[in-house]
2 protein chains.
Amino acid sequence: MKINNQYYRSIFLADDGISVCIFDQKKLPWHFEIVTLKTYQQAAVAISDMTVRGAPLLAMTGAYGMALAMLQDCSDEMVVRAYDDLVSTRPTAVNLKWALDIMKARLLATAVAERVKIAYQQADDLCQQDTHINHAIGMNGLQIIEQIVHQKQQRGDDDTVHILTHCNAGWLATTDYGTATAPLYLAHDKGIKLHIWVDETRPRNQGLLTAFELKQHGVPHSVIADNTGGLLMQQNKVDMCIVGADRVTANGDVCNKIGTYLKALAANVHDVPFYVALPSPTIDYNLPAGHLIHIEERQQQEITTIYGLDSHNQVAQLSLTDSPAYNPAFDVTPARYITGYITETGILTQQDFKA
Amino acid sequence: MKINNQYYRSIFLADDGISVCIFDQKKLPWHFEIVTLKTYQQAAVAISDMTVRGAPLLAMTGAYGMALAMLQDCSDEMVVRAYDDLVSTRPTAVNLKWALDIMKARLLATAVAERVKIAYQQADDLCQQDTHINHAIGMNGLQIIEQIVHQKQQRGDDDTVHILTHCNAGWLATTDYGTATAPLYLAHDKGIKLHIWVDETRPRNQGLLTAFELKQHGVPHSVIADNTGGLLMQQNKVDMCIVGADRVTANGDVCNKIGTYLKALAANVHDVPFYVALPSPTIDYNLPAGHLIHIEERQQQEITTIYGLDSHNQVAQLSLTDSPAYNPAFDVTPARYITGYITETGILTQQDFKA
């Protein structure tokens, strides 16, 4: 992914080869600032205060946090202490615990003198694995976009592909490429003409992060209010939808950012293909169906206040209303509305899930 | 309608019996400030700078503006000049021109010495007419809410009626009651237990005006992101939807604030009754169907910036993104998704429109 015309991963080592660089995502999309982590405690703060966000990126920050801990002290005690401190930063982050478990087991099985080297190697391996998964999702999604280009050309239509996306299943939440965004970047880099409709995704406006990514990478896009997708589909201005997934159940129901379901309903009515992009571990075969998912209810303040840049170019918060608000974070889209599930191993359809 | 426990119309005469009072709607929902208009020029500015908003209220402000002009000078020249100045403030406001046409014709047909008295009488008549229409819409809508209460009681459910509304077809846009909100106020005043889901209605957040109204009048409500209605209907948390209409075509298609269509689609899938409340002149029998309506595209800035209260309790604007945005103001909901049209003369259904 490019920012200011330079390639970046969303987590990488500084020129000294040991400090860990991330972007301050609390300041995005307004300010682009690289933060350098030199201790595992700094990594823990970056995770807990949301300087980094997105399940895969949290995991990678935790992994590199373990490497920083080994620089400080590579005793067994430090392995355990750093693990405990890091894992407790975001108790519900499954990926974070998964990565830390790998790091801890690997380090305790490694001779003390080798731990610094192995820690950095293992963290880097996890990042590369994440990047490869997303790249593979991108390659599989690219095929779908190429088919749409082909269909549009056969119909004699303009061959710009208009794709609607919701939230930020993007590069910023992963090590590179993102999930829902990976096919977009690969298609753009291959010269396919794209135009992305970016749902702003209230209440937390993660769509603005997607817009930031697309702008930096040079992919044409327009930010829209979440209310707009129905009209666009009615007017034949959307060729496909592609979103991420927080969880997919054994029957193929998709839990994703609130608002996904409304777009899937409109896509269904207007025969617009609706795709979900996800690493295959996101599929929870132990959970039979979407109605069993507990929908997290978040703070009212996410609805009643909003962040942006004030006239002094500072990130600031405004109060929108003092009425009560209700803020469920996710909704569930039944499998019957999903055209396909783009994973790193291939494109699944409803038939691949138990009804 | 009550504000701070006192009954108000949204336009009324000051204690002096001649000055015209309105609320500064640019500062709502954050600050409640009464503005007093003493000249027709002040009325013209209030219309053009959006101190007042909403088609009926613009019309009433224009009518009282003509009365203020007569106080200043009740010559024929002034009738014509005030008309011209007021009508040019918002060239596309059909109701405003309609009211000014009535005022101008009536005043030119009135002896000069009587013009002040007749102007105030005529403006007051127009306000009462608007109030009566909205009250009649409210009474017709109230019947529907009462039926829902009855059904819920028969099923043994909790008898609180949960109603979702979008945008502000409210009291603030009219003289009193509003259109979509009129049934809510009458039901609440009759002791029916209500809970209103208020779509915030990006990009202009008019839902916050609805929340302000409901809060002042004591109607229980929750503000929600526009993304939320699909989940709520899936979870059986919505008993009916009620929205306003900017225009209804001869076949019953409804043009209303962007996002209305997505809620109508979800309501249809989940068998939630979807009602539109409107004064019957909103039906344009000369326009055959909704696809012929030109959808107004508004400034990108409405999406890329947002207003709220800063930490000093001042109304302030934040910049959300510098990406391009696309901002169509309305969408069209096909007649087949509308359960009924609540007008002042009764409740229409699809069968009352030409297919």
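A cavity is a set of points, on a 1 Å grid over the protein atoms alone, where a 1.4 Å probe fits but cannot get out. Grid points are joined across faces, edges and corners, and a volume is the space filled by probe spheres set on the points. This is a predicted model: local features need pLDDT of at least 70, side-chain atom pairs count only at pLDDT 80 or more, and totals for chains, interfaces and linings use all residues. Residues are numbered from 1 along each chain as its sequence is written.

A search of the whole structure finds one cavity of 30 Å³ or more. The largest cavity has a volume of about 40 Å³. Its lining (residues with an atom within 4 Å of a point) includes R204(A), K257(A), R298(A) and E302(A). Among the other lining residues are P203(A) and N327(A). The lining divides into three nonpolar, two polar and four charged residues. Here Asp, Glu, Lys and Arg count as charged, Ala, Val, Leu, Ile, Met, Phe, Trp, Tyr, Cys and Pro as nonpolar, and the others, Gly among them, as polar.

Chain A also holds an open sheet of three strands, in the order β3-β4-β5, with antiparallel pairing. Strands are DSSP runs (E, at least two residues), numbered from the N terminus. Two strands pair if DSSP finds at least two bridges between them. The edge strands of chain A, β3 (11-13) and β5 (34-37), each pair on one side only. Four bridges join β4 (residues 20-23) of chain A to β5(A). Within this pairing, V20(A) stands opposite L37(A).

Definitions and conventions:
Chains lettered and ligands numbered in written order. Heavy atoms only, no water. 1 Å grid on protein atoms, 1.4 Å probe; cavity = no way out; pocket = protein on both sides within 12 Å on 5 of 7 lines; lining within 4 Å.
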